[in-house]
Amino acid sequence: QVQLVESGGGLVQAGGSLRLSCVASGSTFSINAMGWYRQAPGKQRELVATITSGGNTNYANSVKGRFTISRDNAKNTVYLQMNSLKPEDTAVYYCNAVTLVVVTLTYNWGQGTQVTVSS
């Protein structure tokens, strides 16, 4: 099992920046991809960005060019650098780690961190 702890959320004005961090512990050897998702009030959780153990990244169209995901495998940590933030980026951001053990794929989630962007 993998435990995930996020940090770095907060309140920022539009146009500002924040960096989220997520540290994984437990059975980290089984982690394949890691990523960030977000959920705004009244909306479904959506993908923000993902990164594989090999460094391949994927972004939602709404954040391309503004957000950057990175990963430090030695520290079992994934980061999300968020620049040029907009009010519509306001949401709870969740860290995700996908583990693969034999043939069992599991999505592990952190507790979430609030990001609020004021206009």
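## Disulfide, core and ring contacts

At 0% relative accessibility, Cys95 counts as buried (under 20% relative accessible area, with exposed over 50% and partly exposed in between, for a 1.4 Å probe and protein chains only). The model is predicted, so local features need pLDDT of at least 70 and side-chain atom pairs count only at pLDDT 80 or more, whereas totals for chains, interfaces and linings use all residues. Residues are numbered from 1 along each chain as its sequence is written, and side-chain values use heavy atoms, with hydrogens and water left out.

Cys95 forms a disulfide with Cys22, their sulfur atoms being 2.1 Å apart, where a disulfide is a pair of cysteine sulfur atoms within 2.5 Å. Cys22 lies in strand β3 and Cys95 in strand β9, so the pair ties together parts that are 73 residues apart in sequence; strands (E, at least two residues) are DSSP runs numbered from the N terminus.

Arg45 is placed over two rings, as listed below; a charge sits over a ring if NZ of Lys or CZ of Arg is within 6 Å of the ring centre and within 35 degrees of the ring normal.

| Charged residue | Ring | Distance to ring centre |
|---|---|---|
| Arg45 | Tyr94 | 3.7 Å |
| Arg45 | Trp109 | 4.6 Å |

Trp109 is partly exposed, with a relative accessible area of 35%.

Technical notes:
Helices (H or I, at least four residues) and strands (E, at least two) are DSSP runs, numbered from the N terminus.
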